[in-house]
Amino acid sequence: MTDKPNDDVSDILKKLESISVESGQDSTKLSFAGQGLKLDNKEDAKVIVDAINEVKVLVSLNLEGNTLGVNAAKAIADALSKHEHFKRALWKDMFTGRMKTEIPDALRYLGNGLQQAGARLVELDLSDNAFGPIGVEGLADLLRSSCCFALEELKLNNNGLGITGCKLLSKALHDCYESSKKEGSPLALKVFIAGRNRLENEGAKMLAAVFKKLKTLERVEMPQNGIYHVGITALSDAFEENKNLRHLNLNDNTITYKGAIPLGQALSKLPSLAILNLGDCLLKSAGASSIAKYLTDNTTLEDVNLTCNEISVQGGLDLVKAMKNKTKLKQINVSENQFGEEGVEEMEKLMKSFGMAAALVLEDDEGECSDEEQDEESEEENDSDAEGDNSNLSHNDSNHSHNASNQSHNNSNQSHNTSNQSHSVSQLKQHSVTDFLAAPSVSLFNSLGPNCAQLFLDEINSEPEDRYLESMLLAIMKVSSLVPSTTTLQSPSSSLFECTKVLYRELFNWASNSDKLSTVTNALLVHLGLIKCEDKSFKINYNLNGCMTAVRLLSEAKLLPSLTESQLLACMKLMDEKKSRAGIQLVECY
């Protein structure tokens, strides 16, 4: 009893000592970044609230790497409501471990606090908060309010927005622009960052409409969003209107040759373009040559990234030639393409003749592609990109997304090469994922090789969006049905269970980002035979014992969402009771 007060005081003092306070002539910036504070309630938030209250003019608050509950957010918001000069909300990664339903309310409180203060934000950073569409609901009021009329930097990287979240975001930004315009000073956003959000074509088109109105963007980063040439075309049209754009990052989207043409045309109209990242965009040689053509007259480029694009010698040489007379160029990175030894030497020689040898980065070249591969590439570039015309294609979750060059690209029902595995189309077809799904067996599964999980994902992701859930569940059931009932977490690594884990993980990530966990859980119960399916044509044609064993192992490893696990347990318990009453011998799965 005598020690506790001293311990409490000691803890508070330690927290106070760790506060970073940066005072300018007339203002103060507070940072609690990286402290790992778990702030559930008003009392927990006191250390932050007190620090805010002690400052006369607060312009910036960094809460990165802590975790805020609703009541803690309310207390902090009350403190912020007294600071009209507040400008920078640096709130990355501050909801770790929070329930998804908590986050919108926490964001609403924080937003209301800033609105009460009459603050005018310049920067809002909510990156690495995987709140999905429901989080944007809590953020929308702030974004469309006068607090954001002067916003210059909006950073929403890795938020799992999806198309639904992007629709809410685009509408809020549109409303903000229109309202601020009526006030006489339209929104003049300079920085927009939204990578790893599964925006896809539809999301890209909605944002493009906003960008076209703004005309003030200087930096746009939208990597790993599953955007195909349709979305790239819309964005390119918008980029043309933003003449001050100097930093563009579209890494790991599927631009291809068809997207490279409108994008290249837009790039040629950006007089300030300095940083360009188009790595992992499946440009291939035709796409690279197209980009090169439109970059020829640019004199402002400093850093160009075109890595992992399956570019062959001609495309590489066209890119190098386009770098001539670019006196500001510090680096052009064309690593991990397909130039071959002679092609590499030729490119290096050319850059040396320009006096720019040090700017060329060329590592891990995959070797010159064969004539057969070049023929395939030519056919792919001339064929219509069926997958690019479908804006509702499903892609992996932002937290576990693969490089676009490693994803499946459906082109006349054939798979493209993956950059890391360098399989040709004919080789991929030999792996027979469809054959396995038609007649599952251990031998067929083993024939798929060590990269089998990716092959399944490629097959599933080639389906239209409305088929994703059914295709994923069917693959999971067929693979997990072969998991031996004797398997435990301590057993030697089982390729069947490891593949099952990957597929389940992708399914639950998709459910979380699409806000469809209840739908997925219900469908899973149907496929496990635990509840009846309304579709009378649905038949279970796989071994449920293996499926149940896999679910048990996932539960033991704590890999199931709590909602899914609780419903599974309840249904399985009920099923066991029914079997017991009927005198049926139970197979122990839980």
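Entry 1, α20 and α22. I began with this pair and noted that the two helices are roughly perpendicular to each other, because angles from 65 to 115 degrees count as such. The model I am reading is a predicted one. Helix α20 covers residues 495–514 and helix α22 covers residues 544–556. I found a packing angle of about 70° for them, and their axes are 11 Å apart. The crossing in which α20 passes α22 is right-handed. I then listed the residues that make the contact: F497, T500, K501 and Y504 come from α20, while A550, V551, L553 and L554 come from α22. Sorted by class, this contact has six nonpolar residues, one polar and one charged.

I next looked up what packs with α20 from helix α18, which spans residues 452–461. The angle between α18 and α20 is about 35°, and I noted 9 Å between their axes. This crossing is right-handed. On the α18 side I wrote down C452, A453, F456, L457 and I460, which meet C499, V502, L503 and E506 of α20. By class, the contact of α18 with α20 has eight nonpolar residues, one charged and no polar ones.

How many disulfides does a search of the whole structure find? The search finds zero. I checked C452 in particular, and this residue is in no disulfide. The nearest cysteine sulfur to that of C452 belongs to C499 and is 4.1 Å away. A disulfide would need the two sulfur atoms within 2.5 Å.

I located K167 in helix α6, residues 162–182. Is K167 buried or partly exposed? Its relative accessible area is 45%, so K167 is partly exposed. Setting aside neighbours within four places in sequence, I found K167 in contact with E202 and M206. I also looked up G203, which is 36 residues from K167 along the chain. The C-alpha atoms of K167 and G203 are separated by 6.7 Å.

Most residues other than glycine have a negative phi. The phi of N158 is positive, near 60°, and N158 is not a glycine. N158 counts as buried, because its relative accessibility is 11%. N159 is found in the loop between β8 and α6 too. At 0% relative accessibility, N159 counts as buried. Which residues does N159 touch, not counting those up to four places away in sequence? I listed L126, S127, D128, N129, A130, F131, G132, R196 and N197.

I looked up another positive phi, that of N325, which is about 70° although N325 is not a glycine. N325 sits in the loop between α11, residues 313–322, and β14, residues 331–333. Is N325 buried or exposed? With a relative accessible area of 59%, N325 is exposed, whereas N158 counts as buried.

Terms used
Residues are numbered from 1 along each chain as its sequence is written. This is a predicted model: local features need pLDDT of at least 70, side-chain atom pairs count only at pLDDT 80 or more; totals for chains, interfaces and linings use all residues. Side-chain values use heavy atoms; hydrogens and water are left out. Axes are lines fitted to C-alpha atoms, for helices over the stretch in contact, and angles run from 0 to 180 degrees between N-to-C directions. Helices (H or I, at least four residues) and strands (E, at least two) are DSSP runs, numbered from the N terminus. Angles under 35 degrees count as roughly parallel, over 145 as roughly antiparallel, 65 to 115 as roughly perpendicular and the rest as oblique. A crossing is left-handed if the near helix is turned anticlockwise from the far one by less than a right angle, and right-handed if clockwise. Contact means heavy atoms within 4.5 Å. Ala, Val, Leu, Ile, Met, Phe, Trp, Tyr, Cys and Pro count as nonpolar, Asp, Glu, Lys and Arg as charged, and the others, Gly among them, as polar. Buried means under 20% relative accessible area, exposed over 50%, partly exposed in between (1.4 Å probe, protein chains only).
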